Amino acid sequence: MAQTQTTTTAVARPPLTAFSWKSAGIAIGALIVFDVLINVYERLYAFSKGLDYTSPEYNTYWLGMLFAELVLEAVTAGALWGWLWVTRDRALDRLTPAEELKRYWALGLFVLTYTYAVYAGASYFTEQDGTWHQTV
């Protein structure tokens, strides 16, 4: 009888896919928590503290919220634009197909998260924000 020789060969693990629901789940989860907190705040103080812009409570509970929102939006936009500018890729001619696919998926997940934010803002907060925008 002939004897056969057995050899073991290491098989490389295939690369993980560029697509992941984790980042979209974290972003949408953070938006849901933010939406719930804003909704609770509006329900707690809308009628008890009033929406009359001439009252002192309005300055405390609503105008302060407006100023905080404006500052937060400006700081977030500046930080995001600065981060995008500093971390931009300067060697796009050497971009691998796997990295390009990963970036396309990241763009798609960003669009998904943005779509949720627009949906939540346009459907759940429309009635409440009508009063907010009219008084501000």
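The legends below describe close-up views of helix packing in a predicted model.

**View 1. Helix α1 beside helix α3.** The axes of helix α1 (residues 22-45) and helix α3 (residues 97-123) come within 9 Å and cross at roughly 15°, where axes are lines fitted to C-alpha atoms over the stretch in contact and angles run from 0 to 180 degrees between N-to-C directions. That makes α1 roughly parallel to α3, a term kept for angles under 35 degrees. The crossing of the two helices, α1 and α3, is right-handed.

**View 2. Residues joining α1 and α3.** On the α1 side, S23, A24, A27, I28, L31, I32 and D35 meet L109, L112, T113, Y116, A117 and A120 of α3, contact being heavy atoms within 4.5 Å. The residues of this contact of α1 with α3 divide into 10 nonpolar, two polar and one charged.

**View 3. Helix α1 against helix α2.** Helix α2 (residues 56-86) packs with α1 at an angle of about 150°, and their axes lie 11 Å apart. The two helices, α1 and α2, are therefore roughly antiparallel to each other, as angles over 145 degrees are called. Here α1 passes α2 in a left-handed crossing. I38, Y41, E42 and Y45 of α1 make the contact with Y61, W62 and M65 of α2, and by class this contact of α1 with α2 has six nonpolar, no polar and one charged residues.

**Notes to all views.** Residues are numbered from 1 along each chain as its sequence is written, and side-chain values use heavy atoms, with hydrogens and water left out. Local features need pLDDT of at least 70, side-chain atom pairs count only at pLDDT 80 or more, and totals for chains, interfaces and linings use all residues.

Technical notes:
Helices (H or I, at least four residues) and strands (E, at least two) are DSSP runs, numbered from the N terminus. Angles under 35 degrees count as roughly parallel, over 145 as roughly antiparallel, 65 to 115 as roughly perpendicular and the rest as oblique. A crossing is left-handed if the near helix is turned anticlockwise from the far one by less than a right angle, and right-handed if clockwise. Ala, Val, Leu, Ile, Met, Phe, Trp, Tyr, Cys and Pro count as nonpolar, Asp, Glu, Lys and Arg as charged, and the others, Gly among them, as polar.
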